[in-house]
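Good morning, colleagues. Please look at the sequence and the structure on the screen while I take you through some selected features.

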Amino acid sequence: MTTVPEPSASDFREPFRSQFIDAIQQGAASADIHDVSAAVGYAGSSTQASAPFLKRELERPHSHSANICRWIRHLTPVTRILDVGCGTAGLSVALAWTFPDAVVDCFDADELSVRAGTLRISGYGLEARIRPRVLAPNAAFPYESESFDLVSCASVLEFITRVEDRRAFLREIRRVVRPGGHIILTTPNPWYPRELHSGRLLGNWYRRPGIPWASTGGWIRRQLSDCVFHPVTARVASKFHRELPPFVCRMIEPLMPWQFLLAESPRILK
């Protein structure tokens, strides 16, 4: 795999950077739930982006590169990637940096977020390699079956509020990954006493319209039952800045705030 230096935050070129900031101030990245009728909770957008929120959005590609991408850069071959629920394309850009020989397709249900993501993509000069689009909530993915080497889905699943829609969503993810390809899912740990996004006590079990809630790792694995799930024990050890035996990491991982699931689609036997 070709390796290239990762751009710095200062490489986000003008005028795209300023236009991106304007889009964030207009509400991009602030609406995450799209399957309820009323603009309540996380289904409504805000035009009051705080300074910390804007800073996180600007730094998101570098954050994903240092976290999610750190644990998947060994995967090969990766020439086609799908970033599901891409928001403002922070992970899409990080994946393009991590896999410089790959083309990245990405989509989100929020038009304003995709517009901001397009500005981010242009600001880093990646228009030829990242292809964003808007897709209606709960729509079938507009891609052929078994067409991607890697499908990523970061902090999306918890914002799909109906169980039947989550099942259909995971079926679509499974459908488009090629035999031997990989799926990477990140979503909060539902066993935490407070739901991580809203801070609601028992929010993963006491559910309300417009508010996110997390599925258990066991439930997700059952939806992708023919896939092989690979433990990412190095991620757990990195939190303690020391080497830990794999069995210790497997014991600690269910206690961490975020689930990090790496699944491999079964290969076709010749």
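Over the ring of which residue does the charged end of Arg 166 sit? The charged end of Arg 166 sits over the ring of Trp 213, 3.5 Å from its centre. A charge sits over a ring here if NZ of Lys or CZ of Arg is within 6 Å of the ring centre and within 35 degrees of the ring normal.

Before I continue, a note on the basis of these values. This is a predicted model, with residues numbered from 1 along each chain as its sequence is written; local features need pLDDT of at least 70, side-chain atom pairs count only at pLDDT 80 or more, and totals for chains, interfaces and linings use all residues. Side-chain values use heavy atoms, with hydrogens and water left out.

I turn to the aromatic pairs. Rings of Phe, Tyr and Trp (its six-membered ring) pair if their centres lie within 6.5 Å; planes under 30 degrees apart count as stacked, over 60 as edge-to-face and the rest as tilted. By this rule there are nine aromatic pairs. In one of them, the ring centres of Trp 97 and Tyr 124 are 5.3 Å apart and the planes stand at 85°, so the pair is edge-to-face. This pair links distant parts of the chain, 27 residues apart: Trp 97 lies in helix α3 (residues 90-98), and Tyr 124 in the loop between α4 (111-123) and β3 (130-134). Helices (H or I, at least four residues) and strands (E, at least two) are DSSP runs, numbered from the N terminus. Trp 97 is buried at 10% relative accessibility, and Tyr 124 is buried with a relative accessible area of 10%. Buried means under 20% relative accessible area, exposed over 50%, and partly exposed in between (1.4 Å probe, protein chains only).

The rings of Tyr 143 and Phe 148 also form an edge-to-face pair, because their centres are 5.3 Å apart and their planes are at 85°. Tyr 143 is buried at 11%, and Phe 148 is buried at 0%. Together with Phe 107, Phe 141 and Phe 169, these two residues form one aromatic cluster. The charged end of Arg 80 sits over the ring of Phe 148, 4.3 Å from its centre.

Asp 105, in strand β2 (residues 103-108), touches both Tyr 143 and Phe 148, and its other contacts include Arg 80 and Arg 131. Contact means heavy atoms within 4.5 Å. Asp 105 is buried, with a relative accessible area of 6%. A polar contact of 2.9 Å joins the side chains of Asp 105 and Arg 131. A polar contact is a pair of N or O atoms within 3.5 Å; within protein, one must be able to donate a hydrogen and the other to accept it, and residues adjacent in sequence count only if both atoms are side-chain atoms.

Finally, consider helix α2. Ser 50 caps its N-terminal end, with a side-chain oxygen 3.2 Å from the backbone nitrogen of Phe 53. The buried residues of α2 include Leu 54, Leu 58 and His 62, and what covers the buried residues includes α1 (16-25), α3 and α4. His 62 is touched by Ser 8, which also touches Tyr 124. Ser 8 is found in the segment before α1 and counts as partly exposed at 33% relative accessibility.

Conventions: Lists of a residue's contacts leave out its neighbours within four places in sequence.
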